[in-house]
Amino acid sequence: MPKATEISNDYVPVTYDPQYILMVNALKKYFPIKGGMVSKTVGWVKAVDGVTFNLKRGTTMGLVGESGCGKTTTGRTILRLSGEKSGGQVLFNGQEVYDLSKKEMRSLRTKMQIIFQDPFSSLSPRLPVGEIIGEAVREHGLVSKAEYNDYLDTVMSDCGLQAFHKDRYPHEFSGGQRQRICIARALALNPEFVVCDEPVSALDVSIQAQIINLLKDLQRKRDLTYLFISHDLSVVEHISDTVGVMYLGNLVEYGAKEDIFRNPLHPYTKALFSAIPVPDPKAKMNRIVLEGTIPSPANPPSGCKFHTRCANCMQRCKEEAPVQREVEPGHYVVCHLYDK
């Protein structure tokens, strides 16, 4: 257990593999807890505590878990939007994101974008849609002044928006249209990698389907790579190629979508999947109810962080933290039940 003024940063650096656009290795993001008269650091909120995964080009990774497990913080830390990391590696096309200078990072911003959860609060109410979408295009000089308007029209058309929408303001659009504006703003910079931070959670179910289909069409057309953060396992199953399950800052299970949904291994993953609604009133639900509450990320339990809510808890789980194991090819789990 590190002291309040220290953060453990022990990890083995990985070598870049060209088949992966993103390689995340033992990523940590801790937030300080201040206390006392002089605001001394008395502890750390371990929002992301050693997350490791690789993401292939042109694919989608779904990241699921309960509220507060660190999904959004993981996405923002990868994009270097939450200050400095606390430990680990983030390799984007072989470059360590946190080793880049401000000038280099500014250039990289066009290749890494984010679609925020709330399509209303993430849009400036004082700017027309054309300015919202085109501001970064003009700032980075992606196209000439002569091509600017035609470029915006093309991006908006790809996202299901009309050219005359450029002069309107966000409050004049529905929730689904505002999310299309957010998508157009991200894609206007022609990125390679996009973090989709629960982009459909604030929308009606029928509109969710339209936005998901739009994201898939844009991925095929532009060869995009997505990190798709969501609570909705049905949506994740529809859009993802690989799935990662997070609990209290850790990735407890990771693998191909087919493997995760066919054969969930971790007790937490099994509990999540048991809550997926079945569209059959006669079907019997074998719901796994987790007892207790989620521990605080500022004071996580010793050993396995899930042991306080796990029905399969052993004495070893309370004392020793499990390590990631490959149970079947490409299917990883962090649980003592699968120790050889």
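Visitor: What should I know before reading the model?

Guide: The model is predicted, so local features need pLDDT of at least 70, side-chain atom pairs count only at pLDDT 80 or more, and totals for chains, interfaces and linings use all residues. Residues are numbered from 1 along each chain as its sequence is written, and side-chain values use heavy atoms, with hydrogens and water left out.

Visitor: What span should helix H6 have?

Guide: Helices are DSSP runs of H or I with at least four residues, strands are runs of E with at least two, and both are numbered from the N terminus. The expected span is 1.5 Å times one less than the number of residues. H6 covers residues 205–222, 18 residues, so it should span 26 Å; its end C-alpha atoms are 26 Å apart, which agrees.

Visitor: Which residues of H6 are buried?

Guide: Buried means under 20% relative accessible area, exposed over 50%, and partly exposed in between, with a 1.4 Å probe and protein chains only. In H6 the buried residues are Gln208, Ile211, Ile212, Leu214, Leu215, Leu218 and Gln219. Down the axis of H6 they fall within an arc of 160 degrees, so they line one face of the helix. That arc is taken from the directions from the helix axis to the C-beta atoms. Why one face? An α-helix has 3.6 residues a turn, so residues three or four places apart point the same way. Exposed Ser206, Arg220 and Lys221 sit on the face turned away from the buried side of H6.

Visitor: What do the buried residues of H6 pack against?

Guide: Contact means heavy atoms within 4.5 Å. Their partners include strand S3 (60–64), helix H4 (145–158) and helix H5 (175–187).

Visitor: How many aromatic pairs are there?

Guide: Rings of Phe, Tyr and Trp (its six-membered ring) pair if their centres lie within 6.5 Å; planes under 30 degrees apart are stacked, over 60 edge-to-face, the rest tilted. The whole structure holds six pairs. Tyr247 is in strand S9, and Phe306 is in the loop between helix H9 and helix H10, 59 residues apart. Tyr247 is buried at 2% relative accessible area, and Phe306 is buried at 3%.

Visitor: How many residues has the largest nonpolar core?

Guide: A nonpolar core joins buried Ala, Val, Leu, Ile, Met, Phe, Trp, Tyr and Cys residues through side-chain atoms within 4.5 Å. The largest has 52 residues, and Leu215 and Leu218 are among those with the most contacts inside it. H5 gives the most to this core, six residues. A second, separate core has 29 residues, including Ile78 and Tyr254.
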